Amino acid sequence: MSDAILKVRDLKRDYVTKGGLFTPPRVLHAVKGVSFDVERGSTLAVVGESGCGKSTLARMLTMIDAPTSGSIEIDGAPIDISAGKVTREMRQAVQIVFQNPYGSLNPRQKIGAVLEEPLLLNTSTPAAERRDLAMAMLEKVGLKPEHYGRYPHMFSGGQRQRVAIARAIMLKPKLLVLDEPVSALDLSVQAQILNLLADLQDEFNLTYVFISHDLSVVRYIADQVMVMYFGEAVEYGTRDAVFDNPQHDYTKTLFAATPRADVASIKARLAAKSAA
Amino acid sequence: MSLLQIRNLRVEFDTAAGPFRALDGVDYTVEAGEVLAIVGESGSGKSVAMLAMMGLLPDSATVTADEMSFEGVDLRSLSTAQRRKVIGKDISMIFQEPIASLNPCFTVGFQLLETLKAHTDLNRRQRRDRVIELLTAVGIPEPERRVNAFPHQMSGGQCQRVMIAIATACHPKLLIADEPTTALDVTIQKQILDLLTGLQRDHGMGLIMITHDMGVVAETADRVVVQYQGKQMETADVLTLFEAPEHPYTRALLSALPENATGDRLPTVSDYTEAFASEQTEART
Ligand SMILES: Nc1ncnc2c1ncn2[C@@H]1O[C@H](COP(=O)(O)OP(=O)(O)OP(=O)(O)O)[C@@H](O)[C@H]1O
Ligand SMILES: Nc1ncnc2c1ncn2[C@@H]1O[C@H](COP(=O)(O)OP(=O)(O)OP(=O)(O)O)[C@@H](O)[C@H]1O
Ligand SMILES: [Mg+2]
Ligand SMILES: [Mg+2]
């Protein structure tokens, strides 16, 4: 039996950019009508070229931006933010990890407060317990207790990315949209985060929409894969179907362009370089 | 004489919880036309090292080094004004978080024009042409229109590429690229890496490439520095590093690729380092 937590139908988003002195205003079709379902407790990975509309899609799914047209249904309830009918429970059930963690953190808020804020606003967890939960979360994403009292600018890029993930999972949202969440992480920390996400999914039946351009990560984490190209979903299917038998030219190019990290390729490159 | 020579660099931050040593005696040498890759775990001091060299760390940081010279000139002996002249023209940096380092109040075209105005003798028209040329080189579609876009109207990867265009605009002698392709899919990544290695080849530019992607290292680097917790674990030419990695951490880094997952858990470096540690203890007993 199908139990889709997220149903998206013919979703579109246009951006109208103001014209310059001599240029007329222009409409950019960032998302051109995508449809998909995500089963509860599963992971949909979204891949695609830079600028193809992935973050735009993520902002619509998480009720930050309104679609130009089309529909989104979360847990059976239609979402219409322009009508102002989104409840607090709904917002709490859907969280996002932004592509740009720096911009999404308040520079004047210490990390401890960043992590406790969702609990403070949405639950009646007492202060001491909030602190314990925040400390435990820091450890889970590979940060240390001494990071609790630090401000965002005192972190490395990858550490900030982990803070953003930690904040989003504090409330165990039903649906979590992650926009390039591990792009700044070295392989070891990346593995730790991916393992953590897998554990949470097992334990709480969380659903993920996972945007990534890293195919090895996608292959590891995804149940379903959607490939976007210039605002359209050009490929959508189970992970194995997409990886074993890609249909669209862009997907094929993507697989072929993956950098080679083997010794033979390095030797070939160095030989070409010294010959030049 | 090396293009860049840093010896025994230490950086300590004053924090509420006491001093924190982010870097503990690291060395970097870059020759003209060379690509040095710095790899290492998140928080190991890769970005801090470069910011220290550029003089961009906050006051809470104490920086010391036995040597820190660019083309034989001690960077620390320069006045702020002199240093600013070198940085921006001869040394330029692609920052790790591009959206945060672009100015949200100005169009990307304006930001590129300002860079060209400050560091080149091009006239107005030439600057305009160069801006289009630069945006085309980093694969921004419809550059004539995109010059009028503000950073928030661009995607993450487009901002990253604008930053790359700004950093390469004046043909720096040394380019520091801090995770320059994290937001890019492999096809555009390839275009950007070709652009950077092209500049290095054609203009003898030195390139420091900070990355966690071993594929990028394999495809670009001449030499590699491996960092772990503020220390340098190993320095090797790229082939040696991949063929015969010396340090357990490097070996772990090369094995932690998701391709190598066993069952449904991904290997983490601590899995390996713990294994290495027990291997070593067993060997001793
Ligand atoms: N506020 C905006 N106004 C105008 N155009 C926009 C706006 N936001 C995004 N765009 C454009 O819409 C397109 C899709 O952007 P989006 O951020 O969704 O891409 P993306 O797939 O997330 O790319 P990346 O992988 O580089 O982050 C891009 O061409 C972008 O320039
Ligand atoms: N202003 C600061 N105050 C205190 N600690 C800081 C400050 N800036 C950076 N650090 C710490 O210094 C260490 C090194 O940071 P750095 O940004 O160099 O890491 P990195 O190797 O670039 O990591 P990443 O791959 O995650 O970007 C980190 O542990 C970070 O938390
Ligand atoms: Mg994006
Ligand atoms: Mg960094």
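A polar contact here is a pair of N or O atoms within 3.5 Å; within protein, one must be able to donate a hydrogen and the other to accept it, and residues adjacent in sequence count only if both atoms are side-chain atoms. Keep that handy for the exercises below.

This is a predicted model, so local features need pLDDT of at least 70 and side-chain atom pairs count only at pLDDT 80 or more, while totals for chains, interfaces and linings use all residues. Residues are numbered from 1 along each chain as its sequence is written, chains are lettered from A and ligands numbered from 1 in the order in which they are written, and side-chain values use heavy atoms, with hydrogens and water left out.

**Exercise 1. Work out what surrounds ligand 2 and how much of its area the protein covers.**

Step 1: start with the polar contacts. Oxygen atoms of ligand 2 sit 2.8 Å from a polar side-chain atom of B:Lys46 and 2.8 Å from one of B:Ser47. On the chain A side, a polar backbone atom of A:Gly157 is 3.3 Å from an oxygen atom of ligand 2.

Step 2: check the cover. On its own, ligand 2 has 640 Å² of accessible area, and the protein covers 96% of that (Shrake-Rupley method, 1.4 Å probe; for residues, only the protein chains shown count as cover).

Step 3: list the neighbours. Ligand 2 has 21 residues around it, with A:Ser156, A:Gly158, A:Gln159, B:Ser42 and B:Gly43 the closest; a residue is near if one of its heavy atoms lies within 4 Å. The ligand lies between chains A and B.

Step 4: At least two residues each come from α6 of chain A and from β1 (4-15), β2 (18-30) and α1 (46-54) of chain B. Helices (H or I, at least four residues) and strands (E, at least two) are DSSP runs, numbered from the N terminus.

Step 5: sort by class. The shell around ligand 2 holds seven nonpolar, eleven polar and three charged residues. Ala, Val, Leu, Ile, Met, Phe, Trp, Tyr, Cys and Pro count as nonpolar, Asp, Glu, Lys and Arg as charged, and the others, Gly among them, as polar.

**Exercise 2. Explain why the ligand 1 site counts as shared between chains, then describe the site.**

Step 1: look at who lines it. Residues from chains A and B surround ligand 1, so the site is shared between them.

Step 2: Ligand 1 oxygen atoms are 2.7 Å from a polar side-chain atom of A:Ser50, 2.8 Å from one of B:Arg146 and 2.7 Å from an N or O atom in the side chain of B:Gln158.

Step 3: get the burial. Taken alone, ligand 1 exposes 640 Å², and the protein buries 93% of that.

**Exercise 3. Size up the interface between chain A and chain B.**

Step 1: count residues. Chain A puts 50 residues into the contact and chain B 57, with contact meaning heavy atoms within 4.5 Å.

Step 2: take the area. The two chains bury about 4,400 Å² between them, 57% of it on carbon and sulfur atoms; buried area is the accessible area (1.4 Å probe) that two parts lose on being put together, summed over both.

Step 3: count the links. There are four salt bridges between chain A and chain B, each a side-chain nitrogen of Lys or Arg within 4 Å of a carboxyl oxygen of Asp or Glu. One joins B:Asp222 and A:Lys273, at 2.8 Å from N to O.

Step 4: see what chain A brings. α7(A) gives the most to the side touching chain B, with nine residues. That side divides into 20 nonpolar, 19 polar and eleven charged residues.

**Exercise 4. Find a salt bridge linking distant parts of chain B.**

Step 1: pick the pair. B:Lys231 bridges to B:Asp24, with the closest N and O atoms 3.7 Å apart.

Step 2: B:Lys231 is in strand β11 (residues 231-237) and B:Asp24 in strand β2 of chain B, 207 residues apart.
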